[in-house]
Amino acid sequence: FGGISRKINKGYFNNLGIKNILLSPINTNLETTLRYIDLPYRKKMSFDGQSPISSNSIDPHFGTDEEFANLVYDGHSNNLGIYLSFIGSHVHISHPYCEEKLILEEQEYWKDIYHPTLDFQNKILIKRITSDISYFIKTFDIDGYLFYSNEYSSDQFDEYFCRTINLEIGHNIFGILEKLIL
């Protein structure tokens, strides 16, 4: 986060005419490598945010809560919107959503053996994801989200999320949640 803040404060983004910054997922990810089960058994690290093990904490590889808060402050002070990406299609098997059975049980719907697909028909999951996203909006005053979803997402989630954010935070929902179906 410190490197981005330095670029913001030096005017790098403003000089390029950039108005918003979209960060890759910053949620805590798995620390270890994963080995694919198919040949050639390659290993994969989760630096890209694709193996979240928490949806309401910042991965220490990116920085601290304070450093992220400073980045958002610096962005806003320089007329830049700060947006986050959120993986809403799957989680890593060690994520609390899995322990709470908020996933599709049938493995045929999973991304792979380590990444179960989330069950967007489950009202508890809908409330948990909304709460986790709301946490980042309230705590850090971010400007919005790009929500990576899949074909199992639901209108029920969209409606609940929009209504809750509007009531709790008073944000105009347009610009807060943009869904990208993968």
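This note sets out numbered points on the predicted model shown above.

1. Basis of the note. The model is predicted, and local features are reported at pLDDT of at least 70, side-chain atom pairs only at pLDDT 80 or more, while totals for chains, interfaces and linings use all residues. Residues are numbered from 1 along each chain as its sequence is written, and side-chain values use heavy atoms, with hydrogens and water left out.

2. Overall fold. The protein has six helices and six strands; these are DSSP runs numbered from the N terminus, with helices being H or I of at least four residues and strands being E of at least two. Read from the N terminus, the order of elements is α-α-β-β-β-α-β-α-α-β-α-β. The protein comprises 182 residues, of which 47% count as buried. Here, buried means under 20% relative accessible area, exposed means over 50%, and partly exposed lies in between, with a 1.4 Å probe and protein chains only.

3. Salt bridge between Arg128 and Glu100. The structure holds two salt bridges, a salt bridge being a side-chain nitrogen of Lys or Arg within 4 Å of a carboxyl oxygen of Asp or Glu. In one of them, Arg128 pairs with Glu100, and the closest N and O atoms are 2.5 Å apart. This pair links distant parts of the chain, 28 residues apart: Arg128 belongs to helix H5 (residues 123-140), and Glu100 to the loop between helix H4 (96-99) and H5. Arg128 is partly exposed at a relative accessible area of 25%, and Glu100 is partly exposed at 38%.

4. Salt bridge between Glu168 and Lys138. A salt bridge also joins Glu168 to Lys138, with 3.1 Å between the closest N and O atoms. Because Glu168 lies in helix H6 and Lys138 in helix H5, the pair ties together parts that are 30 residues apart in sequence. Glu168 is partly exposed, its relative accessible area being 47%.

5. Buried serines. Ser5 is found in helix H1 (residues 2-9) and is buried, with a relative accessible area of 7%. Its side chain makes a polar contact with the side chain of Asp74 at 3.4 Å. A polar contact is a pair of N or O atoms within 3.5 Å; within protein, one must be able to donate a hydrogen and the other to accept it, and residues adjacent in sequence count only if both atoms are side-chain atoms. Ser154 sits in the loop between strand S5 (144-149) and helix H6 (155-168) and is buried, at a relative accessible area of 6%. A polar atom of the Ser154 side chain lies 3.0 Å from the backbone oxygen of Phe120.

6. Cavity. The structure holds one cavity of 30 Å³ or more. A cavity is a set of points, on a 1 Å grid over the protein atoms alone, where a 1.4 Å probe fits but cannot get out, and its lining residues have an atom within 4 Å of a point. The largest cavity has a volume of about 40 Å³, and its lining consists of Pro25, Asn27, Gly49, Pro52, Ser55, Phe86 and Ile87. By class, four of these lining residues are nonpolar, three are polar and none is charged; Pro, Phe and Ile count as nonpolar, and Gly counts as polar.

7. Cysteines. The count of disulfides is zero, a disulfide being a pair of cysteine sulfur atoms within 2.5 Å. Cys98 is buried at 10% relative accessibility, whereas Cys162 is partly exposed at 23%.

8. Positive phi values. Most residues other than glycine have a negative phi. Asn79 has a phi near 60°, a positive value in a residue other than glycine. Asn79 is located in the loop between H3 and strand S4 (81-87) and is exposed, with a relative accessible area of 67%. Lys101 likewise has a positive phi near 60°; Lys101 lies in the loop between H4 and H5 and is exposed at 54% relative accessibility.

9. Ile53 and Tyr97. Ile53 is placed in the loop between strand S3 (43-44) and helix H3 (65-77), and at 24% relative accessibility Ile53 counts as partly exposed. The C-alpha atoms of Ile53 and Tyr97 are separated by 8.8 Å, and the two residues are 44 residues apart along the chain.

Notes:
On a 1 Å grid over the protein atoms alone, a cavity is a set of points where a 1.4 Å probe fits but cannot get out, and a pocket is an open set with protein on both sides within 12 Å along at least five of seven lines; lining residues have an atom within 4 Å of a point. Grid points are joined across faces, edges and corners, and a volume is the space filled by probe spheres set on the points.
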